[in-house]
Amino acid sequence: MIDIKSKSDIIIPFEKIGEENWFDKTELIITEYADNWGEELSEPISIEAIFELEKRLETTLPDSLKLFYQKFGIANIGEQLQSFTEIGWIQDIWKDEPEYGPNFSNKDKKHLPFLISFSDYLGNGNMFCFHSETKEIYYYDHDTQPYITKLFDDASDYIKGCLISCQVDLFNQEIGQEKVEKWSEEILDEMFGVDVVEKWKY
């Protein structure tokens, strides 16, 4: 059971998905988080279903994301991973009605043709995407220009950050959530840098 009473109780699940012990720590966090919210765990996704998605997209998923899906499916990690039917090229969202799309900057347009969404962040219109060639992780923020910002080198970093953040909900009652939120943000700042965390969380 995760019961966070100090900063050191927050579990860092892995450096990279696929390393030794990554599965056990990740499973513990995802299971505890689901129990906390009374949710069922997601089913793992078969490699055949992943291949079908890659065939539709005409590119491969990042290896770390692929392995995560095979073990945990579309798990609740505190942010809304998209279902396989929703994952797609973000430029296609406005294909039929470009006049309703964002006024992308020249910098945005350099990245836009390569980005495939896989997370809806908090369902607010912002999305996390992977680059079809480099597999780096970009953030589409519908409120602020430039709309597209690279945040992470690998999907492992995004998922790791989510798994650290979601532990805020597993706080010890005597300690309180506010203190655990502060600890969690300190860990993320140390891990990714203040600018990345501010862009992501605020």
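Student: At what angle do the axes of helix 1 (residues 22–36) and helix 3 (residues 63–72) cross?

Tutor: Axes are lines fitted to C-alpha atoms, for helices over the stretch in contact, with angles from 0 to 180 degrees between N-to-C directions. Here the axes of helix 1 and helix 3 cross at roughly 60° and come within 12 Å. This is a predicted model, in which local features need pLDDT of at least 70 and side-chain atom pairs pLDDT 80 or more, while totals for chains, interfaces and linings use all residues. Residues are numbered from 1 along each chain as its sequence is written, and side-chain values use heavy atoms, without hydrogens and water.

Student: Which residues make the contact between helix 1 and helix 3?

Tutor: Contact means heavy atoms within 4.5 Å. Helix 1 contributes W22, F23, T26, E27 and I30, and helix 3 contributes L67, F68, K71 and F72. Six residues of this contact are nonpolar, one is polar and two are charged.

Student: What is the secondary structure of the protein chain?

Tutor: Helices (H or I, at least four residues) and strands (E, at least two) are DSSP runs, numbered from the N terminus. The protein chain has seven helices and five strands, in the order α-α-α-β-α-β-β-β-β-α-α-α along the sequence.

Key: Nonpolar A, V, L, I, M, F, W, Y, C, P; charged D, E, K, R; others polar.
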